[in-house]
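Take a first look at the structure below.

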Amino acid sequence: AALDATTEMQLSAHLAVGSLVLVDPRLDEDLWVEQRLATFHGARIAELSAALRAREPAPANEQYGGQDLCISCHAEEVAQWARGPHAKAWLHLSQRGETRNSSCLACHTTGFGEPGGFLDAAVDDRLLNVQCEACHGPMRLHAQQAQRVGVRPSGGVPVTVQTCRRCHDSENSPNFDCERYLGAIGHGPGAPQ
């Protein structure tokens with residue numbers, strides 16, 4: 001039976017967890033828990049959406065464009081990305097039923113919570129997965145400049161160990177070896193194919 005909010009608060013104030021119990025993944029989800037989580041995550045996304053709508057639009061150099069803007073000049077890099085794990089980040093969330101979990105969206109989409117970044121797949125799916133701009137920064141202006149003759153496009157954000165560690169931290173990727181993995185996804189001259 002569901003508890004009322006007051007009883008829930010009283011119980012949660014006295015709850016301590018002393019061990020981790022692994023639950024068989026084939027066990028059916030508790031409908032009440034599923035509904036509470038869906039309500040929480042939906043409210044969080046609505047809150048972020050309202051906050052972003054209230055802000056001034058991002059300056060041109062801070063706008064996201066999505067991988068489709070990259071492919072005309074960087075076809076090999078986009079093809080390499082498509083074969084890697086970052087291109088499947090949304091699928092992993094979907095398989096776990098976490099596509100509305102704001103705690104997961106920051107690392108499994110591009111620009112989540114940033115002006116012009118991913119917010120909700122039901123509204124706009126251009127920035128699903130960990131795309132170019134998740135690591136290189138918003139690049140809409142870069143893509144626009146590249147279409148103009150005689151204009152050298154502005155550069156992206158340099159990718160460093162800290163770039164990777166935003167998502168691949170000790171909690172989410174305890175066995176992450178930045179040097180090894182960065183070498184596996186790197187692109188440009190001499191990069192693995």
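## The disulfide

C107 and C167 form a disulfide, with their sulfur atoms 2.4 Å apart. The model is a predicted one. The structure holds one disulfide. The torsion about the S-S bond of C107 and C167 is about -95 degrees, so this disulfide is left-handed.

C107 lies in helix α5 (residues 102–108). C167 sits in the loop between α8 (161–165) and α9. The pair therefore ties together parts that are 60 residues apart in sequence. Both ends are partly exposed: C107 has 22% relative accessibility, and C167 has 21%.

C70 is in no disulfide. The nearest cysteine sulfur is that of C132, 3.8 Å away. A disulfide here needs sulfur atoms within 2.5 Å. C70 counts as buried, at 12% relative accessibility.

What is the closest cysteine sulfur to that of C104? It is the sulfur of C107, 8.5 Å away, which is too far for a bond. C104 is buried, with a relative accessible area of 18%.

## One side of helix α3

Helix α3 spans residues 75–82, and its buried residues are V78, Q80 and W81. They cover an arc of only 160 degrees around the axis, which puts them on the same side of α3. These buried residues pack against α6 (132–136) and α9 (178–185).

## A nonpolar patch

W32, V33 and L37 make a nonpolar surface patch of about 240 Å². V33 has its place in helix α2 (residues 31–54). V33 is partly exposed, with a relative accessible area of 34%.

Technical notes
Residues are numbered from 1 along each chain as its sequence is written. This is a predicted model: local features need pLDDT of at least 70, side-chain atom pairs count only at pLDDT 80 or more; totals for chains, interfaces and linings use all residues. Side-chain values use heavy atoms; hydrogens and water are left out. Buried means under 20% relative accessible area, exposed over 50%, partly exposed in between (1.4 Å probe, protein chains only). Helices (H or I, at least four residues) and strands (E, at least two) are DSSP runs, numbered from the N terminus. The arc is that of the directions from the helix axis to the C-beta atoms. Contact means heavy atoms within 4.5 Å. Patches are made of residues with over 30% relative accessible area and no salt bridge: like charges are joined within 9 Å, nonpolar side chains (Val, Leu, Ile, Met, Phe, Trp, Tyr) within 5 Å. Accessible areas come from the Shrake-Rupley method with a 1.4 Å probe; for residues, only the protein chains shown count as cover. A salt bridge is a side-chain nitrogen of Lys or Arg within 4 Å of a carboxyl oxygen of Asp or Glu.
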